[in-house]
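Here is a friendly walk through some of the labels used for this structure.

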Amino acid sequence: MIKDIKIKLSTILHLFQLSLEEFIEDKDNFYISKHCVLKEIDTTKLLESCSYFKGSIRITMRNLDTVNIKGDSSHDELTEFETWMRENIGSNIVLSIKLAKNDFLAEEFKSYNNLNAYIYFQLTTFKLSLTYDKIKTDLLINSKHTVVILPFYEFEQVNNKFLTILGFDGDPLIQNINENNLEIELKIKDKTQKQKLYCNMGNLFEDIIPDYFYFNNQPSVDTHGIFNSINHLLFLLCIHYIANLSNKESFYIHGYKNVHIDARGFDGQINNEDAELAYQLYNSIYEVQTQDKLLITRNVISIHLPNESKLNEFILLLPELYSSVTSNFDSYIKDKIKSFFDKKKDLEKYVRDTSEAISKQIASASDNLNKSWLTLAGAVLAGIITYTTRGNSLLLIFFVAAFGILSYVTLRHSIWMAKEEKNLLLASYNHFLSLVDVINEDEIKKITGDIVKDKFTLLDKTIKKMDLFKAFLPFILLIALVILLCLNKTLK
């Protein structure tokens, strides 16, 4: 397909003796309008080339009257067009050629639902789509995969999960294109949220990550400078994701000292190796503990670069910067690992101690509840036996009432103590967990399990039983006194 596009359009340009540079191009259209002298043209070749683009191309010629042709014109329209051309050879005419690129691509890619497709005949137009202002409106306008066709530039296909660029040698057109899935979208969201949290680049490249422009299969020779432009964009994007503060081409990094990197006016080459190193530095930050790695990276940059630096200085020092960041982060991780195991031991011991403390509370609360039941039952039973042996009934009734009130007050105090001890123990446990910052939640879950949670649940149930018994204790005591009074009257 790509070769056919180049051949057919080149034929049309050759027949009218036009060049690509004479045309005006944007992301939607490729067109020209100019005064010229109509020369004899091989209409068969012209009509054959136009038919390839179908209704997306329109050629108009105007002298005293106007004639036009489209790639899908009828037989009568073609005949009229050929007749008009023969009659007007040598005349001054206004020639207009317009190729609606969107219409052409919509027909070619109609079987793909999750795809943006663009075609650029002029390299300068494609490079304009890589600017801050147009990247989201002219290139990556949604979550769909984007295909860019550059039929007049010879290189093979390069692609990643987000973007495919096809040159003249890029057939087959669609190859190994992965549709964006939920996992990819979540990864993009995670990185952009981290960037917004730790860096500030305003609305520049909002929700655009360097991964969009990282290709691990770039051609080794960049004849037309296509990938130098992409690498330049990738490189700046990576710095945007490292700097504390940045605007279009200025980056401010705060480490051991403040560094300003000025990328304005840079017209040098950013080769594949430099782009690869910048991407790996960025990626290593956002794939691990972002805040820690960013802090180390910023400190290292501030050590190696002067306060006022140019982009080319950053590029020259990048291999050394990358090596230094990696070395410092390895040392940092070793310290973190030691701290991890130390705190893991502390956590395991604290879980055991907490579990034992909860067990003691459960045992104590259960013991208080059982004693209250047994003591009350014993007092009532003793009263009944005393009545049957004609003891001092009034004194015994007073004794049972006083005992019941004392039991109620004691039980209420026991419940209050149990709740306070539980709350203090739970607060202490949660506070300790919050201090274990080098152990992630999954690791904490493996260490603690559900034993502490289950024991707290059991303690809650025991306290609820005590509350329930406390609520019914006055009624139980009242019933016992009524029974004793009834027995007293019966015995008399």
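Q: Why is lysine 101 called buried?
A: This is a predicted model, and in it lysine 101 has a relative accessible area of 0%.

Q: What makes lysine 101 and glutamate 25 a salt bridge?
A: Their side chains meet at 2.8 Å, N to O. The limit is a Lys or Arg side-chain nitrogen within 4 Å of a carboxyl oxygen of Asp or Glu, so the pair counts. The two partners come from distant parts of the chain, 76 residues apart: lysine 101 is in helix α4 (residues 101–108), and glutamate 25 is in strand β1 (residues 24–25).

Q: Is glutamate 25 buried or exposed, and how do you know?
A: Its relative accessible area is 11%. With the cut-off for buried at under 20%, glutamate 25 is therefore buried.

Q: Why is lysine 27 called partly exposed?
A: Lysine 27 has 22% relative accessibility. Partly exposed lies between the buried limit, under 20%, and the exposed limit, over 50%, so lysine 27 falls in that class. Aspartate 28, at 25%, counts as partly exposed too.

Q: How do you know that lysine 27 and aspartate 28 form a salt bridge?
A: Their side chains meet at 3.4 Å, N to O.

Q: What makes aspartate 211 and lysine 191 a salt bridge?
A: The N to O separation is 3.2 Å, and the rule asks for within 4 Å, so this pair qualifies. Aspartate 211 sits in the loop between α7 (182–198) and α8 (226–240), while lysine 191 is in helix α7, 20 residues apart.

Q: Why are aspartate 211 and lysine 191 called buried?
A: Aspartate 211 is at 11% relative accessibility and lysine 191 has a relative accessible area of 1%. Both values are under 20%, so both residues are buried. Salt bridges that share partners also join Lys191, Asp211 and Glu287 into one network.

Q: How many salt bridges does this rule give?
A: The count comes to 9 salt bridges.

Q: Why does leucine 281 count as buried?
A: Leucine 281, in helix α9 (residues 272–286), has 3% relative accessibility. That is under 20%, so the label is buried.

Q: Which residues does leucine 281 contact, beyond its neighbours within four places in sequence?
A: They are Ile242, Thr297, Leu318, Tyr322 and Val325. The C-alpha atoms of leucine 281 and leucine 318 are separated by 9.3 Å, with the two residues 37 apart along the chain.

Note on methods. Residues are numbered from 1 along each chain as its sequence is written. This is a predicted model: local features need pLDDT of at least 70, side-chain atom pairs count only at pLDDT 80 or more; totals for chains, interfaces and linings use all residues. Side-chain values use heavy atoms; hydrogens and water are left out. Helices (H or I, at least four residues) and strands (E, at least two) are DSSP runs, numbered from the N terminus. Buried means under 20% relative accessible area, exposed over 50%, partly exposed in between (1.4 Å probe, protein chains only). Contact means heavy atoms within 4.5 Å.
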